[in-house]
Amino acid sequence: MNLPFHSNRFREANNRDLARKWKRQNVKVQFRSVILITILKSDCSKVDQTDKIEGTFWVTKCGGISDLSIFACVTVWEINKEEWLMSVIKLFPLSSVVLPEGKMNLRIFEPRYKRMISDCCKAGEGFGVCLISEPGNSSPSNISRVGTLAEIIDFEQLSDGFLGVTIVGTRRFRVKRVWSEFDGLRCGEVENLNNWDSRELSRDNLFISDQLQRVYQRFPEIKNLYSHCFFDDATWVSQRWLELLPIEQQQFEHLISQADCDEALRFLSQAIEAQ
């Protein structure tokens with residue numbers, strides 16, 4: 001099985017020695033079994049013996065020599081589709097979060113975040129929303145280690161000079177590394193996580209959905225973000241609650257890092273009953 005969107009990724013080389021010195025690019029491949037690396041000449045005969053590597057590998061390019069075209073072919077077998085993709089995204093830390101299928105209106109005034117929105121729109125990319133940690137932790141690492149990739153679905157210039165942006169959460173990610181650009185805009189290398197599967201809300205937890213509907217009735221500006229509300233879906237209901245409740249970063253990371261919504265439902269059940 002070839003690498004998705006990197007299948008048959010051949011790079012012309014100018015130096016045989018440099019062909020062995022792989023230079024890292026932005027896309028990281030994680031895999032469970034074996035990566036097979038073969039250096040080929042233009043006539044497809046082998047230059048180097050095939051190497052087998054297990055673990056983590058950076059998809060790379062290599063140099064070449066003037067009298068010989070050398071190519072590098074990377075092939076992956078039995079790759080786990082959910083594990084291989086690592087990406088670099090811009091990060092937007094907030095005191096509240098958006099989760100998959102959730103929507104949020106933003107009012108942006110800082111130049112670095114206006115640049116982020118502009119860059120994302122030009123590239124057709126999203127950005128990551130993370131929960132900002134309590135004061136005292138130093139930037140740029142003062143954000144949650146789990147966040148949500150958000151896509152821009154609407155924006156407008158507001159009368160007060162702010163940039164109004166509407167976003168929707170698409171998928172969860174785990175932050176592996178964070179750094180700041182020249183203007184303080186955070187970027188991160190992230191590992192994509194599976195979203196929680198949708199499932200019917202159990203009878204014992206129907207009161208969690210009932211309470212959410214009451215909140216939406218009291219605050220129609222939140223409900224109006226959604227053309228459809230799925231109050232019978234345990235995942236949808238639990239994620240909308242986690243967007244609304246003030247939760248400490250450690251608790252948030254614990255809940256969002258779970259493989260499903262069970263732990264979140266237990267937390268919400270106790271929190272709502274305590275009110």
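**Figure 1. Overview of the protein chain in a predicted model.** Of the 275 residues in the protein chain, 44% are buried, where buried means under 20% relative accessible area, exposed means over 50% and partly exposed lies in between, with a 1.4 Å probe and protein chains only. This is a predicted model, in which local features need pLDDT of at least 70, side-chain atom pairs count only at pLDDT 80 or more, and totals for chains, interfaces and linings use all residues. Residues are numbered from 1 along each chain as its sequence is written, and side-chain values use heavy atoms, with hydrogens and water left out. The protein chain holds seven helices and 11 strands, which are DSSP runs numbered from the N terminus (helices are H or I with at least four residues, strands are E with at least two). Among contacts in the protein chain with a separation of 6 or more, 70% are between residues 24 or more positions apart, a contact being heavy atoms within 4.5 Å.

Figure 2. The buried residues are A234, T235, W236, V237, S238, Q239, R240, W241, L242 and E243, and they pack against α3, α6 and α7.

**Figure 3. The packing of α5 with α7.** The axes of α5 and α7 are 10 Å apart, and the two helices pack at an angle of about 55 degrees; axes here are lines fitted to C-alpha atoms, for helices over the stretch in contact, and angles run from 0 to 180 degrees between N-to-C directions. The pair is therefore oblique, since angles under 35 degrees count as roughly parallel, over 145 as roughly antiparallel, 65 to 115 as roughly perpendicular and the rest as oblique. On the α5 side, A234, S238, W241 and L242 meet A264, L265, F267, L268 and I272 of α7. By class, these contact residues are eight nonpolar, one polar and no charged, where Ala, Val, Leu, Ile, Met, Phe, Trp, Tyr, Cys and Pro count as nonpolar, Asp, Glu, Lys and Arg as charged, and the others, Gly among them, as polar.

**Figure 4. The packing of helix α6 (residues 249–256) with helix α7 (residues 262–273).** These two helices pack at an angle of about 135 degrees, with their axes 8 Å apart, and are therefore oblique to each other. Q251, H254 and L255 of α6 make the contact with E263, A264 and F267 of α7, a set that divides into three nonpolar, two polar and one charged residues. Q251, with 31% relative accessibility, counts as partly exposed. From C-alpha to C-alpha, Q251 and F267 are 9.7 Å apart in space, and they are 16 residues apart in sequence.

**Figure 5. The meeting of helix α3 (residues 206–218) with α7.** The axes of α3 and α7 come within 10 Å and cross at roughly 65 degrees. Here F207, I208 and Q211 in α3 meet L265, L268, S269, I272 and E273 in α7, and the contact has five nonpolar, two polar and one charged residues.

Figure 6. I89 is buried, with a relative accessible area of 11%. Leaving aside residues up to four places away in sequence, I89 touches G128, L149, F173, C187, G188 and V190. I89 and E189 are 100 residues apart in sequence, while their C-alpha atoms are 6.6 Å apart in space.
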